[in-house]
Amino acid sequence: CGLPVSTIWGAVLLALPCLATAQSVTTSGSVFPNPTPNPSPTWNLVSMPIFVGNGAAGSLAIANGGTVTNTGGNAVVGVNAGGNGLLTVDGPGSQLTVNELYDGFEGGSGTVRVTNGGRINAVSSGANGGAINLGQQVSGPPIAGILTVDGAGSTVVSDTLDVGSDQQASLTPSGGASIVTNTIAIIGRNLGSSGSASITGA
């Protein structure tokens, strides 16, 4: 950014240079594992599940170009009874890369927000490919999986997308955001499930 100049009583005052906001990956509450240190600019894992909100409230925030890369591993947001998870990916260059993303799983409720140019990649070269699953469970109390993608440049890419496979789930892209599915997207797959997709401002 520039250096604005102002004059007060004949004196010329220069504003201090703008400071760049640091990359940030931050967790709080029920999250396992955790980056070290916390926050960190980046977080790299291999074939390890990330649990956000496992039986309690927890959050993972990726911002200002921060990245989380879990090669061959999954992320689960809101899992087990009492689980309430929040995952946010905000700003250009901010990115989560996983094999599969579960949002609202086995009795937990999850919310995932991708905003202001953030990105989620759920892709894999494996036999089953990568996937995003909203509202999936085999047993347990009712759950909800919510995915919102808002703003130009905000992008979610997956090999398969399943919205409300077993329980309530919603998918909302808006403001010029993009959702790309490489193979198939399913809304409300199984008996008793409730999946919805609402597209605005595309």
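Serine 47 is exposed, because its relative accessibility is 53% (exposed means over 50% relative accessible area, buried under 20%, and partly exposed in between, with a 1.4 Å probe and protein chains only). This residue sits in the loop between β5 and β6 (50–54), where strands (E, at least two residues) are DSSP runs numbered from the N terminus. The phi of serine 47 is positive, near 50°, although the residue is not glycine.

Asparagine 116 also has a positive phi, of about 55°, without being a glycine. Its place is the loop between β13 (109–115) and β14, and at 48% relative accessibility asparagine 116 is partly exposed.

## Basis of the model

The model is predicted: local features need pLDDT of at least 70, side-chain atom pairs count only at pLDDT 80 or more, and totals for chains, interfaces and linings use all residues. Residues are numbered from 1 along each chain as its sequence is written, and side-chain values use heavy atoms, leaving out hydrogens and water.

The protein chain has an average pLDDT of 82 (the predictor's confidence in each residue, from 0 to 100). Over residues 5–9, pLDDT stays under 50.

## Cis peptide bonds

The bond from threonine 36 to proline 37 is cis, with omega near -5°. The bond from asparagine 38 to proline 39 is cis, with omega near 10°. Proline 37 lies in the loop between β4 (31–32) and β5 (42–46), and proline 39 lies in the loop between β4 and β5.

## A buried strand residue

Asparagine 121 belongs to strand β14 (residues 119–122) and is buried, at 11% relative accessibility.

Key:
Helices (H or I, at least four residues) and strands (E, at least two) are DSSP runs, numbered from the N terminus. Contact means heavy atoms within 4.5 Å.
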